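User: I've got a model open here and would like to talk through how it is put together. Can you take me through it?

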Amino acid sequence: MKRRIIKEFRPLVLPFCFALAAASCVAFFKHVERILVSEESVGFFVGLSSFALLATVILMAALSFGVEYHQRTLGLLLSQPVARFRLWKEKILVEVGAIAAVAVFLLLVHEGLKLPAGRGLIVAISSNLWPSHEIIRGSHSELDNFGYWILAGTFVLATLCSAGFWTLIARSTIGGAVFTVASESFLLLLMTAALEKLGVSDSGQIIAIEIAAICYSGIFFWLGWRKFATLQLQHFSSGEGALSSQARSPAFWFAGSFSNRLRCQPKGVSLNLIRKELRLQKPVCMIAAVMTVGWLMTLVLLWLQPGRKEFYDAILAVLTAFYVPLVALLAACVPLGEERALSVVPWQLTLPVSIRHHWLIRLGTALSVWIGLGFLLPFMLAWIASTKTSVGLFYLLQDTDNGLAMLFIAAGFLFVFSFWAITLVSNTIRAVLTALVMLPLLALIVALGFWFSAWMFNGAETDLLAALSSRGFPFLSQEVMWEFTLLFTLSVLALAALTQSLVLFRRPETSRNSILRSIAGLAAVALIVGLWCGDLVTSASHFFE
Amino acid sequence: MNDASAIIEIKGLTYAYSRAEAVHDFSLTVRQGRCYGLFGRNGAGKTTTIKCLLNLLRPREGQVRVFGLDPSRHEVEVKRRLAYVPDHVAFYPWMSVRETLNYLASFRSHWNLDVERDLLNRFRLDAGQPTAALSKGQRTQVALIAAICPEPELLLLDEPTSGLDPIVRREFIETVIGAYQEGDPGNRTILVSTHLITEFEGLIDEFTIMDRGREVMSLGADQARERYQKIRARFIGEAPAVEFKGALQMSRKGRELELIANGEGPQILEQLRRLAPESLTTEALTLEEVFVAALK
């Protein structure tokens, strides 16, 4: 029993550590927010870390079953002389234990930092997925701390109870997580719209939603167990695209004539490689479809209930905030992650096509999918909604602070590092987490470089700036210098990551040493760039003074 | 490394997975038109060696040449002239057999459609079936078709018969592989890695036995059969407890004495005759028996 529990916990270790780190960040930034005067910028980091925390909780709930599909061990597990109910129970127990430990840790850190109890923190967390503070529309003060904990608790309960069922249906972790969130969100959306129509009061809505959430949890917990108890291992297929590969039903959105156009032909290597890459992007397409349905549904409700514009705006904003980074992360790493899950990587590498050609096609296709589905689609949806409300990417376009460009750069950076990470690690989930860990790590190293540069060089580039200035070099001003150093840092790091990914792409498997070497290499590049850029900024301040 | 007709030349190959050395100072030469067997127990380093030939692994030490070219420098050129059947065959599950073959054909300048049709019929494969619904043996069959149809100069087979039923296995070895080599006699080369040696007995021209990443022996098949002999002697009374120089193995069962001779057959026979046996017979060893004897 003990060994099985350890085995069940093993795949959750990485997201569990990530959740603990995110929980620490939530509390830390709340603490900083409390002591700093300017709360706006810190509030962004509170939101970001609470988003990461919630996403990891959902991932952990889906991972227990998803990992069995990914590692193709479900057959082995089910063939053991142990009752299915016991296997199911152990999985659920480990999930509950891991998520409860994260919650306890969050509370302890929260208490340790003596943060103001309750509301702010819980709202920050729950509002990302479960827009509770928007549901009660400005009546936060009426809801006590206990009420917020209950809201967050019901969200976690519903996720825990339904994730198993959805993962077994989707036969993949990402599919399971997306369906879990989508089903909860759609139900919540329809329910609040109906309650509003019936004229139920705010507090009545909260009670009704909580009762519905408990019923939903119970029903899906039972459905999940029933699915597991009657599970049959038919046509075996693993990986994140398993859902889309299993069904040939005409009801399935991807089937039909479009799918036929993506069938490989006996001629045309590049076209066939592109077709294959597009087929591997099915999980991303599936997420895009879910997002589109959610968006259009919200829009219809907005047309029907214009009085609740604030609420629906919040939902559309949450959808965009979730969707854009998620697609950037997944479009980059799903194809290779999928190939690794299917064990076709070594076979692919023996085909007579140059690795660079294959890598370029993979990068180009992933980039196109990311721009198409991760940017143009939400932009188009926001444009459709623009007759009623200015929200999402359309709102950012009108933003005077180049919000859309900043979002594009940030999502692009996520894309590049996710593309880099999948050449290092064995599966999509690990690649996403690695990319998410690497980004703050590199930012920290660049910041260290900046700090060290002032201490080590103290404006050694002043002569260079003077020389450039004497030759009439354009864009030379102190204001531009910050933007230049930021873009330069991002470009160099992205280039280094892409170069490493090309080198690693040649290898069907990567050892722990090569992973460490790659990370160390990127860290060294980040430090050098930080040092140089830091000195450039110091030099610029000297020069322009 | 100057053999002009050598299709594969490996010299001093060493490869390690982290600290665990999988292949150590291994050398091998496969000449054009030969069917070469790479024999070894599980984990002997056969697959690692083949992966080094395909540039899937970079050797830590040593030199690898395929068609006289370095696979790491002339990757596409090398892969264009060979086909590989891996030990674990995996395909994209959404593709049908037809689509998988189309996909693989698009990488090749030549694809024999008649052979494809013939093999699909022989293996009783439905081209419209999705690969996700194929059994392990059927997936291997599709991989074999995909390897044979481009009619490459070199066929690399890594445990090709694992998962095949006995009828298909025999068909594959006797008909498909035989027909492949006869299609262009003297020019088509096969390197087959397997531990199911009996099945390839009649096809193998030369072989190397590997153990724990090292070469144990390299011989021509006929040479091996001449060199390794099984000698049976039957005595009137109890078999004598005598030591025989050059005997790899010896077993005594009542009146019978059985020996495996390693190149010293005539001397052992002479020594046995002096002991006046009731009967004395010799027979050549099968390659599998040579393999077992060499590793024991």
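User: How many residues does the contact take from chain A and from chain B?

Analyst: The contact takes 29 residues from chain A and 25 residues from chain B, where two residues are in contact if their C-beta atoms, placed from the backbone, lie within 7 Å. This is a predicted model, in which local features need pLDDT of at least 70 and side-chain atom pairs count only at pLDDT 80 or more, while totals for chains, interfaces and linings use all residues. Residues are numbered from 1 along each chain as its sequence is written, and chains are lettered from A and ligands numbered from 1 in the order in which they are written.

User: Which elements give two or more residues to chain A's side?

Analyst: Those are α13 (269-280) and α16 (345-349) of chain A, with the largest share, 4 residues, coming from α13(A); helices (H or I, at least four residues) and strands (E, at least two) are DSSP runs, numbered from the N terminus.

User: Switching topic, how many helices and strands does chain A have?

Analyst: Chain A has 23 helices and 0 strands. Among its contacts between residues at least 6 apart in sequence, 80% join residues at least 24 apart.

User: And which domains does chain B have?

Analyst: The assignment, with bounds from an automatic or database domain assignment, gives domain 1 (6-212) and domain 2 (224-295) of chain B, and their C-alpha centres lie 37 Å apart.

User: What does each domain give to the contact between them?

Analyst: Domain 1 of chain B gives 9 residues and domain 2 of chain B gives 6 residues. On the domain 1 side, strand β8 (residues 206-211) of chain B gives the most, with 3 residues.
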